[in-house]
Amino acid sequence: MQKIGVFVCWCGSNIAGTVDVEAVSEAMKSVPGVVYSANYQYMCSAAGQKLIADAIHEHHLDGIVVASCSPRMHENTFRKTAEAAGLNPYMVEIANIREQCSWIHKDKEEGTAKAIVLARTAVAKLLHNKPLQAGTSAVTKRALVIGGGIAGIQTALDVADAGYEVDIVEQRPTIGGRMAQLDKTFPTLDCSACILTPKMVEASQNEKINIISYAKVEKVDGFVGNFKATIRKKARFVDETKCTGCSLCMSKCPSKKGKDEFNMEMNNRPAIYIPFAQAIPNVAVIDPEQCLKLKTGKCGLCEKVCTAGAINYKQQDELIEREYGAIVVATGFKPIDPSPLNEYGYADNADVITSLELERLMNAAGPTKGTLLRPSDLQHPHEIVFIQCVGSRCDENTKRGKPYCSKICCMYTAKHAMLIRDKYPDTKVHVFYIDVRTPGKNFDEFYRRAVEQYGVDYIKGMVGKVAKEGDKLMVRGSDLINNQQVEIAADLVVLATAIEPDPTARSIGTMLTASMDTNDFFTEAHAKLRPVESPTAGIFLSGVAQGPKDVPETVAQASAAAAKVIGLLAKDHLVTNPCVAYSNELLCNGCSQCEKVCPYGAITYIEKEVRGPGVREVRRIAQVNPAVCQGCGACTVTCPSGAMDLKGFANKQIMAEVDAICL
Amino acid sequence: MIYSYYPGCTLKDRAKEMDKYARASAAALGIELREIPEWQCCGAVYPQASDEIASRLSAVRALMNTEEGKLVTMCSACHHVIKRTNYDWNRDADFRMKATNYMKPEVPYDGSTQVLHFLEVIRDEIGFEELKKKVVNPLTGRKIGAFYGCMVLRPGKELAFDDPENPQIIEDFIRALGAEPVKYPYRNECCGAYVALENKNCAETQVDRALNSAIANGCEELITACPLCMYNLVENATRHKLPVRYFTELLAEALGVKEG
C-alpha cells in the first residue's frame, strides 16, 4: 500500500470561505492509503511548501494530493516541491477545490461535501500513478510570423535582432498591413507611412528576415520547438528576382477595372500593379481575374514593355516546406462591412463612408490625392457627421454587431475631426458618440484639443437614421444632454466601423490548434499574466489578432511576443511532457483508428513480432513517437480494443476517479 | 386552407374597406379567414410596464380562441399587441401564471398559436410567386410606395416580420401585383401615431417628411397596413398629398375582386 499525504489549502478565504478545510483534511485521514492529512492558509507559500516537504520526509510519503486551486495555477509549483523533497514530480495530484468548488458554491455544507469528494477522487487516481521521466526535444532556431503588418514586422525585427532567422508570411502582395493605409497616427499626428516604411525597409534589408509575400500558410504539423509548415506562395506572374519595380507595366496595362484594394476599392487599378509606392517587396503582381492575357490569351503588353524580362504568365504556385521552433500569429484585422446596419444607409449612399475610406481620401496617395472630396460628386463637403460605435458595443442578442468596444475609434475620429477642422476651417464637424473613451498617454488631451481648440461639435447620442434628401444626407439622432432630437443636413457621413479579426484568422487558429474566443480573436494563455502566448505551446500572439489595439499597443505587444520567442529559441532542448500515449502490443488489433485521429501525426504502424502468453506472431501494431505525442488522449478514447493508453491519465486511473466520485 | 381571423375594432368601423378587401382577396387566393368568436379590442397599445397584465388579457383570449392554430391579423396595431403578447406568454412565466390565475380558463392557453399578419400569410404561406400567378389585373406602370410605420416592424426581434431598418416585404408584394415599388428612406418611420392628439405639429412634421421623401423618390401613391398611419397620412399632411390605400384594396384590385 502506498503512503499518501493530503494537503488542503485555505487560499486565504478563497477556499476557506465556502469550504470547511478542517473537515476536509479530517475526512481525508480515513481514506485508504492516506497516512497524513493537514491544512494550511497558503499552501503555495514558502511555509506551505516546507510543510509538504517535511511531511514527505517524516512520513516517507510515496505521493501527495494538494487540494487547492486549478492545476493550471500551481501544479508546477507543487511538482517542484515534491521533486526537491525526493519524490517523482508525477506522484503529485491536484484536487481543484477552488475554481471547481469554493468559487461556485455559496452553501458551505455543500462546498465542503464536494471538496471531500474531489480530494478523495484525487487520492484514488494517485494510488494508480507511476513515476514518470520527462524526455527532451531539440529546438529549431527559426521563427514563423504569420502576417506582415506593423505587429508582424516589429516581432520579426526584434527576433532577428537577437540573431534568429524569421520568415514573415504575408497574404497580400506587400507587407505593411493596415498601418500602411493610414494617413496620420494619433495622438502625435505624424505621418503613418513616414514611421512605418523605414521599418518595412529595415525588415526587407535584414539578412535574418525572409519576407514571403502573396502567400499563405497552408499546413502546420509538429509541436513547440519542432513545427513544420507548408507555405503556398501564390503565382504573381512576375519574377520577383527580376522585377525592378519601375511600374512601366502599370501605365501600359489596358485592363484598368481592378478595384484598388489599398484605397479601399474607391478607385481602379490596372491588372498588373504594385499596391503602393513604398510596397515591399517592390514588385508587380498580376491579378488573374483582370488580366486579359491570362483570361483570353490576347494582350501580353506588359511582357513587351518590361525591360527586365520579369513577366512570366506561366508561373505556378510554389509550395515551401520549412521547420520552425516558434510561430507568431499577427494576422491583424479588417473593418466590418456596415451595409447590414441599414439605419446608416452605407449601402445606398456613396457619401456615407467608413473611417478607413476617409483615411484614404485624406491621404496624398489616395484616390483624391489628399483633397477631401466626397465620393458622389467630388465636391468639397461643408458639413460632416461622424458616427461612433458603428457595429461596436452591440447587444449580443440582437446580432447586429460586435459586443466589444473596438478601442481605436474614439481616438481616430478625434484625429479626423481635428485634421479636417485644421485644413478646412469652413467645414462644420459633428461627432455622435455613446461615450468618449480616451485612456492612453496624451489621449484625453488630444480629444479635448479637438473639442476646445478646433470646435468639433460632440453630441452624446446615437444616430437612428441617415436618409438622402436631394444632395444632402439627413442625419437624425438624439442629443441626450439637451434631451432633444437633432437633425443635421450633412454632405458627408463617416462611420467609425467596428474592427474584426482578419477573415483568415479562424482557419489559422484551427490549423495551429490555438484557441479563439467567440469573436475569433486569439485567446491568450492567461488574460493578465501571459498575454502574448497562446495556450498552445510555441504559438505566440502579436497585435490585433489577440484583441483591438492601437499602434503603440500593437508594437509593445509585438516586442513582448518577440521576447517570448527569443526565450524559446535560445534553448537548445525543451523538456517534453512524459504524459504521452503508448500502445499495448498484445491488445492492438492494427485497425489504424488511432492513426487517423492523432492531430500530431505521432502514431505509425509497424510489423512486429508480438510475444505474450500463448502468442508469438508477427502483427501490424501501432507505435507512438513520444517526442511528437502531446498527450491529448484522442487515440485512447478511439481505440476499440483498449490497447492505447495515456501515461499519467491511464484508463485505470480515470476509472478509479469515477468510482471514487460515485462512492 | 382555413385561418382563424382577428379583424380588430377599427376594421369594423373606420377601416371597413380594409376588412372587406381582405376577405374578398383571401377567397380569391383560395383561403378562408374564419373570424374567431367573441373577440374583444386587442388593447390597442402594448403596455410599457412589464407587470401590466390586464391590458394583455384580451390578446390572450384571442390567442386561446384560435381553433386553426394560426391567427391572422390585418391591422398593424392589433398585430403588434397580439404577437408581442404571444411572445411574452412563451417567455415570461410570471405573466403566464398571473394571467392564467385571473382568467381561470377551463384549459389554460398552451402558447402554441402562431400569429401571422396577412402579409406574412401571403409571403410565407402562399408565396409571392404564387400570388403573381393569381393576378388577373396587373397594376402595370403604377409607382407605389409602402408606408410601413413602426408597429408592424418593431421591436424587430419580437415581431420577426422583416428587417426594421430596411424592410422589403411590402415592396415584394407591390412587385408581385405588377406595379413598381418605390423605396424611400422614411417608409419605416413613425407616422406620429397618437401624439397627433396632443401635439398635432409633431405628427404633421413626421407625415410631411415621409410624404416629401416619397414624392422625391417618385411615389405616386402609398399603401399601408395600419389604420392609424392611414389617419395621419391623410389628415395631418400639410404640404403634399398622396393617395393612400390599404394594401388589401390594392390586392383586391389586382386579383380582380375589388368590385362585387
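What do the buried residues of α15(A) pack against in chain A?

Author: This is a predicted model, in which local features need pLDDT of at least 70 and side-chain atom pairs count only at pLDDT 80 or more, while totals for chains, interfaces and linings use all residues. Residues are numbered from 1 along each chain as its sequence is written, and chains are lettered from A and ligands numbered from 1 in the order in which they are written.

Helices (H or I, at least four residues) and strands (E, at least two) are DSSP runs, numbered from the N terminus. Helix α15 of chain A covers residues 505-512, and Ala505(A), Ile508(A), Gly509(A) and Leu512(A) are buried there. Seen down the axis of α15(A), these buried residues fall within an arc of 100°, so they line one face of the helix; the arc is that of the directions from the helix axis to the C-beta atoms. On the other side of α15(A), Ser507(A) and Thr510(A) are exposed. Buried means that 20 or more other C-beta atoms lie within 10 Å of a residue's own, and exposed that 12 or fewer do, with C-beta atoms placed from the backbone.

As for your question, the buried residues of α15(A) pack against β6 (142-146), β11 (215-223), β18 (326-329), β28 (499-501) and β29 (539-541) of chain A, where two residues count as in contact if their C-beta atoms, placed from the backbone, lie within 7 Å. After α15(A) comes Thr513(A), whose phi is positive, near 45°.

Elsewhere, chain B is divided into domain 1 (2-119) and domain 2 (137-253), with bounds that come from an automatic or database domain assignment.
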